[in-house]
Structures are given as structure tokens and as C-alpha cells.
Amino acid sequence: MSSSPEGQDMMEVLACNSNQLADDLLAAGTNAGKRQKLVLDYLKVADRDGKSVTAEFPDGLDWFNVTESLTLQGSLRGKVVVLDFFTYCCINCMHILPNLKRLEHMYPIEEGLAVVGVHSAKFKNEKDSNNIRAAVERYEISHPVVNDNVSAMWRKLRVQCWPTLMILGPRANPLFVIMGEGNFEDLKLYVGSAIRFYKEKGEIQRHSLPLNLSGTGTIASNMKFPGKIACSVPTTDAGKGSNEEQLFAVSDSGNHRILIIDSAGTVLHKIGGKQSGFLDGNFSKARFNAPQGVAFQGSDVVFVADNENHAVRKIDLKTQSVSTIAGNGTQGNDRTGGKSGRDQLLSSPWDVAVYSTRDLDMSFHADEASVPSKDVLLIAMAGIHQIWAIFLEDTIWWKFKKYTAGTCWAIAGSGHEQNRNTSYPHSAAFAQPSGLAINRVAKEVYLADSESSAIRKISLADGKVMAVAGGDRNPLDLFAFGDVDGKQYAAKFQHPLGVAYNPLDGCVYFADTYNHKIKKIDVSTNCATTCEFRESNGSVRRFNEPAGLCLDRTGQLLYIADTNNHELLVANLADCSIRPLKLNFRVPEELDSVGENRRSCTTLKPTRPIKMHPGAGQSSLRLTFNLTFPGRTTKLTDGAPQQWSLELPSTEWGCECTKGTIDTTAGQSLQLLIAPPANDASMNGNDPSPIALNFKLNLCEGDICFPKEFTVLLEVQYSAKEVGHTNVERYDAQETYEVQLSREKVSLQQP
């Protein structure tokens, strides 16, 4: 093991020593005793020779997940510290986050481990603290993160690549460095051995850190970081006059679910839950993990790129079930493929697209229209920089090669992270491909190659890979980004993620994600221009890292997933107007933000319905809920949140506030003023949906504290006869309810 003489580069020596240790561990194989002895012997030398690093986090940097700045010689002293140098665009950086989370569960802060994310941006957009805060929330990072927007620590410690993990001892003395991903077993051994080593020396301190998870604040439209959107009906000339119903699939990535909506925004299906997981089954049982790309096969099947599960999933809308057609929830590094189902491991699939083709054999057919087509599912495999395909039927593909139904293969890209175009698909190279769009007439697929900041295409006739616009001629230059309209390489983009092709105007529309813009490329000229859309008040719409888009069947409306604004938008390409697409959850959605499933909560109903007049010009409904406690010692927990949320029968109903907390200082009651729809004399009988009020309370009874979740369902009944009026201009209703709470039960009384 080399020592570090004065003046010699610390990182160079540390990398050399760490690489030698990794080689020795590899040679030791599965001999646990020998592996542990190798690391212990290494630590003894490193501790004797290692001086504390002189680098320190500069003052004034923005920190996330903590209430105050951290320092190596202050709050982090006495800890084994893992510095994770990352940038949130980097797929390899994302791959090690689950490993860091596992490590943090094994060794909590009080046991001696502190993980600190040092965000060192590649792109200009990534230096913005608001964007980093959104990424911290999106990727569910719970350890402290600092925005080193001037790369001070990167430069002081001579870091060379993303991701890099530097492990420091309790005196900020350098111990190990790991570059790249896929080294969890070594990482676990290093950290565990270091904690035990320094505990025996009495240098580990058990203090905690000032943690406070960051959030982005209000979430719009009940979505969280929507990633991609797809339409069930392809864009055609005939689409403008078609009456065929079009559905849209949306990957609600931050909520780990897929939404199926209609063109008006009505949510027809919620598939998956708000907690991540990897489960097949019915729509309520199934679980995803940060899903991204979605693609329809017909109107009844949706394929999903289940990104952080490293899998491709199939949603059957007829049977309302989810199944897995490739991947098994663990990341693979296979760059060839050939297996099927869960036997074929994948690596961060980011988008999918369905392409229909006839067998590419030498057969001659007088009537090409009579030749049956085969469906192939194309996959943007961002994690290993390739394009893959699942052959959904037995298919003859490029160079007359036969592929068996269900098998999954790499069809383009060497796996090297480059921007290399060539006539030979397996010699080409991509850089984190993240979006796909099919040009069925030209038999091409356009792709958003995010890390080369380019839009590229592949011929689906022979596999030739070609440039469209953006990036650089030099295939090794992955830093040719900017915000410039122009032709082919003169155009500059910044980490584009989504792409859609419009056959009616011959343009590729794409999300220039880190430039916060939507742009288009005329495929006949390869010229890129910025699209400008105006809102109803005349102002130009400002996006925030849009990541997905698709066209409707007419080719006139462009649906956009504005990811960091947590919103869907609809842009009219004819007049360049844009409007938000407000989602209407037919299945109550507010409940999901309070309790995962209504069926798991207590449901209360009063003895009589609320009476409303169907013909009133104006109406109001005032509801009062008084919380009472039959037991003398029962009370609301002081200082704890007492949450409620309101679900109204339809979007025509209104209320100034639909969720909040009960102000216990102003009394233990909740009052709501609701505005029912105005004057619908045709309505008679029950409203099809009840009013639902969801409570999530925290109570104490003596020295025992406990949560109490329940839903109050209020039936609304319209009847002019019942309320005693035949024709009124205004009708005001008022109801008061008493909610009795104890540890054993909750009940509803109606005076």
C-alpha cells in the first residue's frame, strides 16, 4: 500500500490503493474471513498514514434534508462519512442510491455512518437549487445533500467522474474511494469494517445530525413528477373526423403509479399505489417504482418502463391486471439479451414504443397490405445506453434473423456511453437514451439521447443510426449542450427527455428538459426551433423540466407532462395556446393523500341525508363537525397535526379549501362552507356520489398516544317536495355532526 508523500496527489494515491484492495478482494473470492482481514490490514495502514483532508464545504452553499450546514471538522467529526459525488441527470448516479439507502438502514447515523450527497452539476440547469430540491424529493433521497454549485469540493478533492464515493474516517481522514456503480458488496465491507475499527479505537461519536426532509411544497393536480404520457390512438389525417375514443396513459412517477385518463382529464383507472414496490396483480394490488415510459398496444394494453424496478410491465385494461414481461426488480448489466420474462435482467428502462412490422424476409407479396404485421416493443435502456426490443410475436428482423415471441434483445448500441452514429446498429453508441417516438411511414424511431443532448434516429428497416439535431460530430463529446435553434449540429439542447412525432406536419416535437422548453425539428431539413405557447392571459408558458409529450389523434393537440410543475398541459399547435389539463378523479383522490385505501379506514354515515333543492338558483351547504371525547382522559395530541381532506361529488361543486388541519387553539371543531352546483331542476333523487370528509387525527389517552383515521360519507338528496319549496332563488342548508372519539372506537351523532 502506497503512502502519500508531501505534495503527491491524495486522490491519485487513494484511488491506486483502493483499486489494489478491490483486486485483492476479488482474488479472495467468497472467503469472508480473508476479505475482512484484507480490509482490516488496509485500515491499519490507512489510519496510520492518513491525514485529515484540508477541503471543507464552503460557507453559503444550499443544503437539503438538514436544518443547518454540515462540516467535516464539526458536525461530521466522529462519523465514518461517505461523500457521494453525483449529478442528478446521471443514470449511474441514480443506480447507487438504493445501495446508499440500504447502507443507511444497516448503520444509522447514531451508529457512526453519515452519507452526504455532494451535488456537482454537469449541466447548467442542475446548478439551480430549486431543481436539485425537486430531484431530492423525486428520487426519495433522505440523507443530507449539498449543492456544490461551484464544484469546490470536486476540485479540492480532485474528483474525476460521476458517481464517485469517497469514504472518510472520523477525523475526515481519507480511507477509500469507489468510482462507478455496481460495488455494493465492497462498499458494505468497507463501511462496516471502518465503523468497527474506529469504535474499538473509541473515535466514533453517537450524536445525531439536524435532519429535516426537504419538500417542494404544494403539489398540483394530485400528481407528483409526471414523467411520460401516451395516446391510445395514432395521429393520422383521418383522426380529425374520427369518433374513436382516445385514452391517455400517464406515468405519475413520484406517486409510483400509472393513470389512465380521457381527453377531458377524467381519471378512469389508477394503477399501482403511492408507495413503491414490485408486485403483479389487480390494479389496487400492483406496485411500480418510479415508472417512466408508457405505450399503448391497441386500446386495451399499456406497456410500462418500470424504471427503478428495472422491468417492463404490461397493463391489461380489460382484465384490469398488471404482469411483468421482462426484468425481475434487480438491475442487470447484460448487453446482449436473449432471455424472456423475469429471466432477462434489465437496467433502467426509460421509455417504450410499439412498432408494427411485417417479417423482414426475402418474400415477395403482390399485396403488401395482406401481409400480417408483428408487434415489436422498443425499449430505451438508459442504464446501459442501448436500444432493446421485446418481440411480442415470432418475428424475422434485421438481416433475416428470427426472434422467438417473448424474447428480449439488445438491437442497437454497443453499451459505451457515446454519441456515435453508424450504419451498423451494434457499433453505434448512445448516451442515456430516454425518449422514443415512431415515424411509421419512414420506418424510423426518433430518440431523445439525453446525455449527448441530441435527438437521433434509427432506421427500423436496417438499424442504421443517424443524427437529427443537437450534440456534436465528435462521438466522445458529451458536453456539447446549450440553448440554440439551428440546423443539425448547430442546434444545441440540454438533456432532452421526451420526444413525439407528428406525421401531419413532419415535425419531431421534443422536451428540451433542462432548458425548460418544448422545441420541434422539421425532419426534412433537420432544423430545430423553439415552440412558444401562450396561456389564456397572454403570458408565455414557462415549463419546469418537462419530460414527456404526445400528440392526440388529430395532430393538433400536444399533451405535455410538465414534470417539476407536477402538471399536465395541452398545447394547441394551430394557435399556440396552452391550458392545464385538470384531472378529475372519479375514484376519490384526496383520500389517497391521507390514507392509502378507504377500505382500510373506518367509514361513518349519518342517519339521514342532506336535503338540497334541485331548482334553486343559488345554494350553499354549511357543515359543522364537533369533536367530542366521552372518555375524560382522551384528547387531541398537543402539537401533532390533525389533518382533514374533502372530496366533493364532482368538479361542479366548490369549496374554498379541500384539505387542511384543525386549529385546536380555536376549538375542537371544523366548519366548511360548500357551494353545490347551481340550478339543475332536472336533478331529483340522490347525487351519484357522496360528500366524503377524511380525518387523520392524533390522540392521547392518559400516557398512550395513537392515530385515528376515518371517513365520513354524507349522502346528498335533491327533492323540492322534501324541503317544502317548489320554486326558490336561493336555498341554504346547514348540518351539524358530533364525532365521538375514543381509543376503542369512533362514532357519528346527528342532533
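In what order do the six strands of the open sheet stand, and what is the pairing? In this predicted model, in which local features need pLDDT of at least 70, side-chain atom pairs count only at pLDDT 80 or more and totals for chains, interfaces and linings use all residues, the order is S1-S4-S3-S2-S5-S6 and the pairing is mixed. Residues are numbered from 1 along each chain as its sequence is written, and side-chain values use heavy atoms, with hydrogens and water left out.

Strands (E, at least two residues) and helices (H or I, at least four) are DSSP runs numbered from the N terminus, and two strands pair if DSSP finds at least two bridges between them. Strands S1 (62–64) and S6 (174–179) stand at the edges with a single partner strand each, so one side of each is left without a neighbour in the sheet. From one strand to the next, the twist averages 20 degrees. Seven bridges join S2 (residues 80–86) and S3 (residues 113–119) in the parallel sense, with Val81 opposite Ala114 in S3.

Helix H4 (residues 97–106) lies across S2, S3 and S5 (164–168), and runs at about 155 degrees to S3; axes are lines fitted to C-alpha atoms, for helices over the stretch in contact (heavy atoms within 4.5 Å), and angles run from 0 to 180 degrees between N-to-C directions.

The axes of H2 (residues 32–49) and H7 (residues 184–200) come within 10 Å and cross at roughly 55 degrees. The two helices are therefore oblique to each other, a term for angles that are not under 35 degrees (roughly parallel), over 145 (roughly antiparallel) or 65 to 115 (roughly perpendicular).
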